Amino acid sequence: MAEDKKKSMLDCFVSSYTELSRHLSRRFGRDLDPQDVMQDTYLRLEAIPAESDIRNPRSYLFRMANNVATDRLRGQRSAVGYAPSEELAAAVDDSASPEQITDYRQRLVRLQEAIAELPPRQKQVLLMHKFDGLTHTQIAAELGVTKSAVEKLIMKALAHLRDRMGTLID
């Protein structure tokens with residue numbers, strides 16, 4: 001029964017995707033990318049325990065997306081407000097310790113393995129979006145698929161990466 005609730009939440013996300021994306025665009029304008037907010041919202045939905053008692057999945061979903069968007073805006077604004085001066089940036093020692101270098105290399109190997117495990121289409125779409133910087137619309141046009149198909153492929157790929165990376169994600 002608990003898995004049915006979780007499936008219901010994910011079904012609500014998929015069925016409300018376009019409406020929620022439009023809502024975020026209207027509410028937050030050009031301050032942030034609704035596609036990134038949608039991906040973060042999906043990852044948060046995946047993290048919800050299956051036994052959670054959510055009475056109105058649609059309202060919960062919209063509230064969660066608004067919270068994700070607000071968190072992103074706060075993060076952007078605080079990063080701008082606390083950017084170090086050029087002198088301070090030059091004085092900071094950016095060299096990593098040997099332990100950090102080893103840790104980063106292990107994470108990178110784990111990420112490469114997780115990406116290699118993806119089905120070919122998911123891998124292609126993920127790399128086009130995250131590494132080539134293409135938007136969902138551009139990817140859809142290039143591959144001859146719908147924007148919705150691209151969004152779903154990216155969500156599945158990100159969920160796989162999150163599952164494989166586990167506690168290595170900061």
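**Salt bridges and aromatic rings**

Reader: How far apart are N and O where the side chains of Asp40 and Arg72 meet in a salt bridge?
Author: Asp40 and Arg72 pair through their side chains. A salt bridge here is a side-chain nitrogen of Lys or Arg within 4 Å of a carboxyl oxygen of Asp or Glu. From N to O, the distance for Asp40 and Arg72 is 2.9 Å.

Reader: How many residues apart are Asp40 and Arg72?
Author: Asp40 sits in helix α3 and Arg72 in helix α4; helices (H or I, at least four residues) are DSSP runs, numbered from the N terminus. The pair therefore links distant parts of the chain. The separation of Asp40 and Arg72 is 32 residues.

Reader: What kind of model is this?
Author: Residues are numbered from 1 along each chain as its sequence is written, and side-chain values use heavy atoms, with hydrogens and water left out. Local features need pLDDT of at least 70, side-chain atom pairs count only at pLDDT 80 or more, totals for chains, interfaces and linings use all residues, and the model is predicted.

Reader: Are Asp40 and Arg72 buried, partly exposed or exposed?
Author: The relative accessible area of Asp40 is 26%, and that of Arg72 is 28%. Buried means under 20%, exposed over 50% and partly exposed in between (1.4 Å probe, protein chains only). Because of these values, Asp40 and Arg72 are partly exposed.

Reader: Which residue forms a salt bridge with Glu19?
Author: Glu19 lies in helix α2, and its partner lies in helix α4 (residues 57-81), so the pair ties together parts that are 39 residues apart in sequence. The closest N and O atoms of the two are 2.3 Å apart.

Reader: Which helix holds Arg44, the partner of Asp71?
Author: The side chains of Asp71 and Arg44 meet in a salt bridge at 3.1 Å, N to O. Asp71 has a relative accessible area of 36% and Arg44 one of 38%, so Asp71 is partly exposed and Arg44 is partly exposed. Asp71 belongs to helix α4, while Arg44, 27 residues apart from it, belongs to helix α3.

Reader: Which residues do salt bridges that share partners join into one network?
Author: The structure's count comes to 8 salt bridges. Some of these share partners, and the network they make consists of Glu46, Arg162 and Asp163.

Reader: How many aromatic pairs does the structure hold?
Author: Rings of Phe, Tyr and Trp (its six-membered ring) pair if their centres lie within 6.5 Å; planes under 30 degrees apart count as stacked, over 60 as edge-to-face and the rest as tilted. In this structure, the number of aromatic pairs is 2.

Reader: Is the pair of Phe13 and Tyr17 stacked, tilted or edge-to-face?
Author: The ring centres of Phe13 and Tyr17 are 5.5 Å apart. Both residues are buried. Their planes stand at 90 degrees, so the pair is edge-to-face.

Reader: Is the pair of Phe13 and Tyr42 stacked, tilted or edge-to-face?
Author: Phe13 lies in helix α1 and Tyr42 in helix α3 (residues 34-47), 29 residues apart. Phe13 counts as buried at 0% relative accessibility, and Tyr42 counts as buried at 12%. With centres 5.7 Å apart and planes at 45 degrees, the pair is tilted.

Reader: Which residues form one aromatic cluster?
Author: Phe13 pairs with Tyr17 at 5.5 Å and with Tyr42 at 5.7 Å. The cluster is made up of Phe13, Tyr17 and Tyr42.

Conventions. Helix = DSSP H or I, 4+ residues; strand = E, 2+ residues; numbered from the N terminus.
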